Amino acid sequence: MYEGPATDDLRPMTEIQIRQTREFVASLSQKSQAYWDMVSVGDELSRELHLTPELVILYADAVEDYNPWYEGWLMNTWHKQGESPFGGAIVPPMLVSHFVLSVQFDHTRPFAVGSIHTYHDSRILAPIPVGATVRIHTRAIEKFVKRERRYVRHEATVTDVSTGTLYFTEIRDILSR
Amino acid sequence: MTATGNGAPAPAGLITRDTPVGYELTGVKKKAVIQLMGSRLWGRFNPNHWDPVYAAETGLKAPIQTGEMSTAYLSEMCVNYFGRNFFTGARMVCKYVNSAYANEVITTHGVVREKTPTDDGYRFKVEIWAQNDEGEKKTVGWVEADV
């Protein structure tokens, strides 16, 4: 008899929600590879990301940061210029760090379930206006084992597609299963 | 603290050129709510962040927050204290030393450790960390910004 936690331990669910959740989790695990095996040192990847007002709100709400500087979208008003010390609305300083994850591996392949972000060294160089399109570029620079754990290290840059402004750089480590 | 009266941080932040080494920042406090941990923002492709069954199967006592969540909490504190200066030439280094579990309350902290003169003010270095109510540190690191 299963004695572990239940799907609905942390939030209320009906049977149909539980079944859908279990099906979804099972589908994730079927094609997953270890992150260590997905990345080779020297791999370079690059993608463009449009930092829409709605994407910024999605991020800010998920971390409960209600700073008005980030609001290029507001209920009732919808799209707006916004206001910050730099003029219009700007992107939260560490938002792009989260999206670097999507450029650290071939996103057309299944995600490496079980990998964990462990470290970042980030330089916030210039404010990013809400609405900008940025190019995130990553390069795998090292794979190493520490205390019998496998890590992959990337360096990343975030630049404005239109102006070439370098907004953000980062070194970050992922612990692979 | 607010300059605009709409809840925004002071544009120049709370740290001034006169702020001494040893000054303690008042952080932000958040609860690791499972609904936020399972937001589409984080992808939902890693059930360790939102599914108690999968988390248990991988040896975790509960789902864990993404590291980016505590980084965001720490950066919110830094924006309160550095204002616009945190968006121009700042540096933030974080190491995730322990997992933040669902339902834990996470509070951020900071202490000014260094203050180095520059051509036009000072570059401050602040030790930062996020911990639970029992004092267990989850994320440790430091930030630098010009004032």
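This is a predicted model: local features need pLDDT of at least 70, side-chain atom pairs count only at pLDDT 80 or more; totals for chains, interfaces and linings use all residues.
Q: Which helices and strands make up chain B, and in what order do they run?

A: Chain B has three helices and five strands, and from the N terminus on its elements follow the order β-α-α-α-β-β-β-β. The C-alpha trace of chain B spans about 55 × 30 × 25 Å along its principal axes, and of its 147 residues 46% count as buried. If one takes the contacts in chain B with a separation of 6 or more, 62% of them join residues 24 or more positions apart.

Q: How do I read a sheet, and which strands form the one here?

A: Strands of a sheet pair through backbone hydrogen bonds, either parallel or antiparallel. Here ten strands form an open sheet with antiparallel pairing, in the order β1(A)-β5(A)-β6(A)-β7(A)-β4(A)-β2(B)-β5(B)-β4(B)-β3(B)-β1(B). At the edges stand β1 (44-50) of chain A and β1 (24-31) of chain B, each with a single partner strand, so one side of each is left without a neighbour in the sheet. From one strand to the next, the twist averages 20°.

Q: Where can I see the pairing in detail, and which residues are bridge partners?

A: One place is the pairing of β4(A) with strand β2 (residues 90-96) of chain B, which is antiparallel over six bridges, and there the bridge partner of H120(A) in β2(B) is C94(B). Within chain B, strand β3 (residues 105-118) and strand β4 (residues 121-131) pair in the antiparallel sense over eleven bridges, and P117(B) has Y122(B) as its bridge partner in β4(B). Helix α3(B) packs on the sheet, where it touches β4 of chain A together with β1, β2, β3, β4 and β5 (137-146) of chain B, and its direction makes about 140° with that of β1(B).

Q: How is an interface described, and how many residues does each chain bring to the contact?

A: The size of an interface is often given as the accessible area lost when the parts come together. Here one can count residues instead: the contact takes 41 residues from chain A and 46 residues from chain B. On the side of chain A that touches chain B, α1 (15-30), α3 (53-62), α4 (95-100) and β4 (116-124) each supply at least two residues, and β4(A) gives the most, with eight residues. The residues of that side divide into 24 nonpolar, eleven polar and six charged.

Q: What does a nonpolar core look like here, and which residues have the most contacts inside the largest one?

A: The largest nonpolar core has 64 residues, and those with the most contacts inside it are V91(A), V96(A) and Y73(B). Its largest share, nine residues, comes from helix α3 (residues 67-82) of chain B. Leaving aside neighbours within four places in sequence, V91(A) is in contact with L51(A), V56(A), Y70(A), V96(A), I128(A) and V130(A). A second, separate core of eight residues includes M38(A), A112(A), V152(A) and I174(A).

Key:
Residues are numbered from 1 along each chain as its sequence is written. Chains are lettered from A and ligands numbered from 1 in the order in which they are written. Two residues are in contact if their C-beta atoms, placed from the backbone, lie within 7 Å. Helices (H or I, at least four residues) and strands (E, at least two) are DSSP runs, numbered from the N terminus. Ala, Val, Leu, Ile, Met, Phe, Trp, Tyr, Cys and Pro count as nonpolar, Asp, Glu, Lys and Arg as charged, and the others, Gly among them, as polar. Two strands pair if DSSP finds at least two bridges between them. A nonpolar core is a set of buried Ala, Val, Leu, Ile, Met, Phe, Trp, Tyr and Cys residues joined through C-beta atoms within 7 Å. A residue is buried if 20 or more other C-beta atoms lie within 10 Å of its own, exposed if 12 or fewer, and partly exposed in between; C-beta atoms are placed from the backbone. Axes are lines fitted to C-alpha atoms, for helices over the stretch in contact, and angles run from 0 to 180 degrees between N-to-C directions.
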